[in-house]
Each structure stands twice: as C-alpha cells, then as structure tokens.
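Here is a friendly walk through one chain, with the sequence and the 3D view to hand. Keep both open as you read.

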Amino acid sequence: MNILITGANRGLGLEFVNQYKMSSNNRIFACCRNPQQLQIEEENVTVHKLDVTSLDNMKELKSEIANTPIDLLIHNAGVYGSKNSFGNVDVDSWLNTLKINTIAPLKLSEILVDNVAASQKKMIAIITSKMGSISDNTSGGSYVYRTSKSAVNMVGVSMSRDLKPQGITVLLLHPGWVETDMGGSNALLKPKESVEGMCKVIETTTDSGAFFAYDGQKINW
Ligand SMILES: NC(=O)c1ccc[n+]([C@@H]2O[C@H](COP(=O)([O-])OP(=O)(O)OC[C@H]3O[C@@H](n4cnc5c(N)ncnc54)[C@H](OP(=O)(O)O)[C@@H]3O)[C@@H](O)[C@H]2O)c1
C-alpha cells in the first residue's frame with residue numbers, strides 16, 4: 001500500500017510510520033513541518049514538508065507525489081490548543097486549532113482525492129478524539145480541543161457521503177489516551193498498542209463514516 005501520514009515526526013504519526021514501514025510492500029510518504037526532524041534510512045519511506053495550515057505546502061506536496069495512488073491517507077497532525085477553559089478561551093488559539101485539527105483534513109483530502117480514488121484501498125482515516133463526542137462529554141471544559149474534534153467528525157461524515165461514488169471509505173479513529181507529548185505521562189496506552197489497534201481497524205473495516213476507537217469499539221457521536 002502507498003500510505004501518506006501527516007504529523008509523522010513524533011507521537012502517533014511516527015508510530016504509524018514505524019509500523020507500516022516494516023512491510024516492504026508499503027511505501028510511506030511521511031509528512032511533517034520540519035523534515036530534518038525525521039531521519040529515516042528505509043528505502044520505502046520518503047519525507048515531505050507539510051505544515052497542514054499551509055495550502056501552498058499542500059500544493060507542493062501534490063506536485064511532489066503527482067499522480068501516485070494513495071491507498072491510505074492518514075490525517076494525524078493535531079494540537080490540543082491552549083487556554084481551553086471557560087472564561088479563559090483565546091480566540092486566536094481556537095482559530096489556529098480549528099485550522100490544524102478541522103480544516104486541514106478537509107483541504108488536504110480535496111487536494112489528494114484523485115490520488116486516493118486511483119488506489120486499490122481508497123481510504124481516508126482521520127485521527128480524531130472521543131473528546132469530540134457530544135454524548136461522552138460529562139466533564140465539560142476543553143472548549144478549543146473538543147469543538148475542533150466534534151467539527152472534524154462532521155467533516156469526516158460529510159466526506160464519507162460525498163466520496164462514496166468514488167468508492168472512498170472515510171474512517172474517524174479515536175486512538176485512546178496515549179503516552180505522547182499531547183497525551184502526557186499518565187496516559188493509559190503506549191503508542192505501539194494504540195497504533196496496532198488503529199491499523200487493525202483500518203485493515204478490517206469498510207464502514208465509511210463510522211467513529212471507531214483503537215480497539216474496534218464504535219463510539220457514539
Ligand atoms: N495522545 C492522545 O492521548 C490522543 C488522544 C486522542 C486523540 N489524539 C490525536 O492523535 C493525533 C496525534 O496526536 P499525538 O498524541 O501524537 O500528539 P503529539 O505527540 O503532540 O504530536 C502532534 C503531531 O502533530 C504535528 N503538528 C502539529 N501542528 C502541525 C501543523 N501545523 N502542521 C503539521 N503538523 C503539525 C506535530 O508536529 P510538530 O513536531 O512540528 O509540532 C506532531 O507531529 C492528534 O490529532 C491528536 O488530537 C491523541
């Protein structure tokens with residue numbers, strides 16, 4: 001499979017690269033803001049510059065990969081955003097978080113849709129969060145992060161409807177609470193376990209527009 005991953009230099013994105021690169025049948029397009037941060041020797045990995053807030057970067061990436069089919073497009077890059085609590089929300093931080101977590105998965109999908117449609121697997125996976133589930137929100141707060149993930153869930157469902165005629169499957173994936181810079185040291189899962197679970201969901205499901213946790217459980221909106 002040809003697999004393109006955003007935010008591939010650390011955390012879950014890097015773990016996706018490390019797990020998928022093990023198969024020589026896979027070719028990985030590892031995208032990150034600072035390509036020099038990702039030194040990878042394997043022949044089946046190429047590193048590409050992509051700040052997901054930059055439409056220019058997205059267009060440059062498209063010209064680098066040209067018409068190469070992309071079997072699996074993983075929108076992983078994300079931020080938690082600062083000043084998340086009631087009375088403390090900063091508008092600029094909120095807008096920046098929406099650009100990264102919500103708008104980028106749509107714009108990059110628009111730019112690469114022909115590459116995905118030309119592939120065998122034809123899948124777009126958005127790494128979202130259970131914190132974007134409205135029914136799961138019993139603790140409040142986290143306005144910036146929660147809204148960005150609720151909104152990207154809606155992006156994913158709309159794309160699943162719009163891209164159905166092209167045979168494209170869109171999945172919304174919750175990685176669990178994972179020990180990364182974002183998840184922190186108290187998290188319950190290591191990146192390896194989370195990404196192994198998400199790869200299994202990616203491998204086995206064709207339920208386009210559905211919201212799954214890393215362990216295959218469906219999540220309520
Ligand atoms: N960890 C968890 O517990 C957890 C739970 C639920 C959902 N998630 C989701 O999982 C995804 C990955 O999170 P993580 O835990 O791996 O976080 P992380 O360790 O903080 O990594 C975040 C990644 O996103 C990249 N990124 C941020 N802004 C970017 C931009 N403008 N352009 C390109 N890349 C950008 C970062 O690149 P730089 O190094 O350049 O900043 C980094 O590679 C996110 O979407 C997150 O919301 C994580």
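## Around Lys-130

Lys-130 sits in the loop that lies between strand 5 (123-127) and helix 4. Helices (H or I, at least four residues) and strands (E, at least two) are DSSP runs, numbered from the N terminus. With 34% relative accessibility, Lys-130 counts as partly exposed, a class between buried (under 20% relative accessible area) and exposed (over 50%), using a 1.4 Å probe and protein chains only.

Leaving out residues up to four places away in sequence, Lys-130 touches Asp-136, His-174, Phe-211 and Ile-219; contact means heavy atoms within 4.5 Å. Lys-164 is 34 residues from Lys-130 along the chain, and their C-alpha atoms are separated by 25 Å.

## About the model

This is a predicted model, in which local features need pLDDT of at least 70 and side-chain atom pairs count only at pLDDT 80 or more, while totals for chains, interfaces and linings use all residues. Residues are numbered from 1 along each chain as its sequence is written, and side-chain values use heavy atoms, with hydrogens and water left out.

Seven strands form an open sheet in the order 3-2-1-4-5-6-7, with parallel pairing; two strands pair if DSSP finds at least two bridges between them. At the edges are strand 3 (45-49) and strand 7 (211-213), each pairing on one side only. Neighbouring strands are turned by 20° against each other on average, direction ignored.

Strand 5 and strand 6 (residues 169-174) pair in the parallel sense over five bridges, and Ile-124 stands opposite Val-170 in strand 6. Helix 4 packs on the sheet, where it touches strand 5, strand 6 and strand 7, and its direction makes about 160° with that of strand 6. Helix 5 (residues 191-204) also packs there, touching strand 4 (72-75), strand 5, strand 6 and strand 7, again at about 160° to strand 6. Axes are lines fitted to C-alpha atoms, for helices over the stretch in contact, and angles run from 0 to 180 degrees between N-to-C directions.

## Helix 3 against helix 4

How do helix 3 and helix 4 cross, and at what angle? The axes of helix 3 (residues 91-117) and helix 4 (residues 143-162) come within 9 Å and cross at roughly 15°. Helix 3 is therefore roughly parallel to helix 4, a term for angles under 35 degrees.

Among the residues that meet here are Trp-94 and Leu-98 in helix 3, and Val-152 and Met-159 in helix 4. By class, this contact has eleven nonpolar, seven polar and one charged residues; Ala, Val, Leu, Ile, Met, Phe, Trp, Tyr, Cys and Pro count as nonpolar, Asp, Glu, Lys and Arg as charged, and the others, Gly among them, as polar.

Methods
Parallel < 35°, antiparallel > 145°, perpendicular 65-115°, else oblique.
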